[in-house]
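I opened the model to look up a few packing details. My entries follow in the order I made them.

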Amino acid sequence: MAGKSAAGPAYAAVADSIRGRILSGELRPGTRLPTESQLIEAVGKGRGTIREAIRTLESEHLVYTTRGVSGGTFVATPSVGVISAQMETGMTLLAAADHVSADQLMEVRRLTEVPAAGRAAFSRTDEQLAAMRATFQSAPNEGSYDRNQDFHFVVLQAAGNPLLELVTAPVFSVLHNRFRSDRVPEGYRDQVDDEHRRVYEAIAAGDSMTAMQEMRRHLDQFDRTFRHIDGMGDV
């Protein structure tokens, strides 16, 4: 069929080629891609094929296009937030299809957040400690989900490895999106706030072992509460 190869649409082959150069590091973030005319000449494909290839790469957040005299299409700078959002979508679909269980999601949180709390006790900054304290300022029920999320993300950031937040943030979101907050036991939010404070105090004191123990205790309690309100023992 005209415009297609045995491997699929022509635009997909062009997108694959550019994507490969980006992922290999040949095209670095901020690099300007050849112009549309140059790409047409280089790959021997029409304008529509080139534009569809660029649109495909834009949808994957690999490139972005600007207008004007200094405009063009550029390789995007990686963003933890964007990549994490993409991972969250994938994990949500896997969980909805019963390919990933709550046990497996909680296992990831324990594998990342427990050691992260320990590392944070050594590497946290004064600003990060202040950010943790800020999550305790509101009344327990006021914006509790956002404050809960903020506390955990600051601890992950304080560990000093951006990959920890990248991996854990979507798992956190998938679990909490399925968490029936309207069915939590009375006093649960006060309990979470108290558990966070104990994790914070250990991190502030530079006590790595206690920070890990308190984080594990906190995640175990969340797991028990999740199972209780779900009423099934698993999802």
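I count rings of Phe, Tyr and Trp (its six-membered ring) as a pair if their centres lie within 6.5 Å; planes under 30 degrees apart are stacked, over 60 edge-to-face, and the rest tilted. By that rule, the structure holds four aromatic pairs. This is a predicted model, where local features need pLDDT of at least 70, side-chain atom pairs count only at pLDDT 80 or more, and totals for chains, interfaces and linings use all residues. Residues are numbered from 1 along each chain as its sequence is written, and side-chain values use heavy atoms, with hydrogens and water left out.

**Rings**

I looked up Phe136 and Phe151. Their ring centres are 5.9 Å apart and their planes stand at 35°, so I noted the pair as tilted. Phe136 lies in the loop between α6 (126-134) and α7 (144-158), and Phe151 in helix α7, so the pair ties together parts 15 residues apart in sequence. For helices I use DSSP runs (H or I, at least four residues), numbered from the N terminus.

Next I took Phe136 with Tyr200. This aromatic pair is edge-to-face, with 5.9 Å centre to centre and 80° between the planes. Tyr200 is in helix α9 (residues 188-204) and Phe136 in the loop between α6 and α7, so this pair ties together parts 64 residues apart in sequence.

Phe136 is buried at 8%. Phe151 is buried at 0%. Tyr200 is buried at 13%.

**Helix packing**

I then checked α4 (residues 80-96) against α8 (residues 162-177). They pack at an angle of about 40°, with axes 8 Å apart. Axes are lines fitted to C-alpha atoms, for helices over the stretch in contact, and angles run from 0 to 180 degrees between N-to-C directions. That makes α4 oblique to α8, as angles under 35 degrees count as roughly parallel, over 145 as roughly antiparallel, 65 to 115 as roughly perpendicular and the rest as oblique.

Which residues make the contact (heavy atoms within 4.5 Å)? Among them are Ile83, Met87 and Met91 of α4 and Leu166, Pro170 and Val174 of α8.

**Gln213**

Last, I looked at Gln213 in helix α10 (residues 208-230). Gln213 is partly exposed, with a relative accessible area of 45%. Gln213 and Arg198 are 15 residues apart in sequence and 9.9 Å apart in space, C-alpha to C-alpha.

How values were computed
Helix = DSSP H or I, 4+ residues; strand = E, 2+ residues; numbered from the N terminus. Contact = heavy atoms within 4.5 Å. Buried < 20%, exposed > 50% of the residue type's maximum accessible area, 1.4 Å probe, protein only.
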